[in-house]
Amino acid sequence: MRAVLMRLALGAALAAPLALPLPAAAQQDAGWVPKRTASLQALDKVTARITIVDAPVNQPVSFGTLRVIVRACNARPPEEVPDAAAWLQVEDTRNDSGGTPVFQGWMFANAPGIAMLEHPVYDLRVLSCR
């Protein structure tokens, strides 16, 4: 009986559409504190140049041909293990001045491998939210 219930629960979970949390929903989570600026580490893989970029929420910043807009930036409260999460929209303006979307979603400082920018020239990582 238990095996049947587990299969039903698994089937229901797989049938449910996958939905990414929107920035506003995560901002209301009690475990995160909204911040105004994201500190990002940007790497140019061709020149091996690393740049720290401070990106205010909802203001586009550029690195090479990338245009980055931080839509939300959250940090853990001081009494918890330090972490930061930022909702990023990244566009590449190399072939299109309007920008071609190359990444959209949450990036986490303590787990950069969960959601990464896959780009042949640039790498981007969240360091902190302040």
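Cys 73 is tucked away in this predicted model: with a relative accessibility of 0%, Cys 73 counts as buried, where buried means under 20% relative accessible area, exposed means over 50%, and partly exposed covers what falls in between (1.4 Å probe, protein chains only). Its partner is Cys 129, and the two sulfur atoms sit 1.8 Å apart in a disulfide, a label given to a pair of cysteine sulfur atoms within 2.5 Å. A disulfide is a covalent bond between the sulfur atoms of two cysteines. Cys 129 counts as buried too, at 9% relative accessibility. The torsion about the S-S bond of Cys 73 and Cys 129 is about -95°, so this disulfide is left-handed. Searching the whole structure turns up 1 disulfide. Because Cys 73 lies in strand β5 (residues 66–75) and Cys 129 in strand β8 (residues 122–129), the pair ties together parts that are 56 residues apart in sequence. Helices (H or I, at least four residues) and strands (E, at least two) are DSSP runs, numbered from the N terminus.

Residues are numbered from 1 along each chain as its sequence is written, and side-chain values use heavy atoms, with hydrogens and water left out. As this is a predicted model, local features need pLDDT of at least 70 and side-chain atom pairs count only at pLDDT 80 or more, while totals for chains, interfaces and linings use all residues.

Now for the overall layout. The protein chain has 2 helices and 8 strands, and along the sequence they follow the pattern α-α-β-β-β-β-β-β-β-β. Of the 130 residues in the protein chain, 36% are buried. Taking the contacts (heavy atoms within 4.5 Å) between residues at least 6 apart in sequence, 49% join residues at least 24 apart. The mean pLDDT, which is the predictor's confidence in each residue from 0 to 100, comes to 83 for the protein chain, and 78% of its residues reach 70 or more. Over residues 1–21, though, the pLDDT is below 50, and this stretch has 2 contacts in the model beyond near neighbours in sequence.

Strands β2 and β3 (residues 49–56) pair in the antiparallel sense over 8 bridges; strands are said to pair if DSSP finds at least two bridges between them. Ala 38 has Ala 55 in β3 as its bridge partner. The two strands β2 and β3 make a hairpin with 4 residues between them, and Ala 48 in the turn has a positive phi of about 60°. Strand β2 also pairs with β8, again in the antiparallel sense, this time over 7 bridges. There, Asp 44 stands opposite Tyr 122 in β8. Since 6 of the 8 residues of β2 are buried, the strand is largely enclosed by the rest of the structure.

Leaving aside residues up to four places away in sequence, Ser 39 touches Ile 52, Val 53, Asp 54, Arg 125, Val 126, Leu 127, Ser 128 and Arg 130.

Then there are the aromatic rings. Rings of Phe, Tyr and Trp (its six-membered ring) pair if their centres lie within 6.5 Å; planes under 30 degrees apart count as stacked, over 60 as edge-to-face and the rest as tilted. By this rule the count is 3 aromatic pairs. One of them is Phe 63 with Tyr 122, an edge-to-face pair at 5.4 Å centre to centre, with 75° between the planes. Phe 63 lies in strand β4 (residues 61–63) and Tyr 122 in strand β8, so the pair ties together parts that are 59 residues apart in sequence. Phe 63 is buried, with a relative accessible area of 6%, and Tyr 122 is buried at 6% relative accessibility. The ring centres of Trp 87 and Trp 106 are 5.7 Å apart with their planes at 75°, so this pair is edge-to-face. With Trp 87 in strand β6 (residues 84–92) and Trp 106 in strand β7 (residues 100–108), the pair ties together parts that are 19 residues apart in sequence. Both Trp 87 and Trp 106 are buried.
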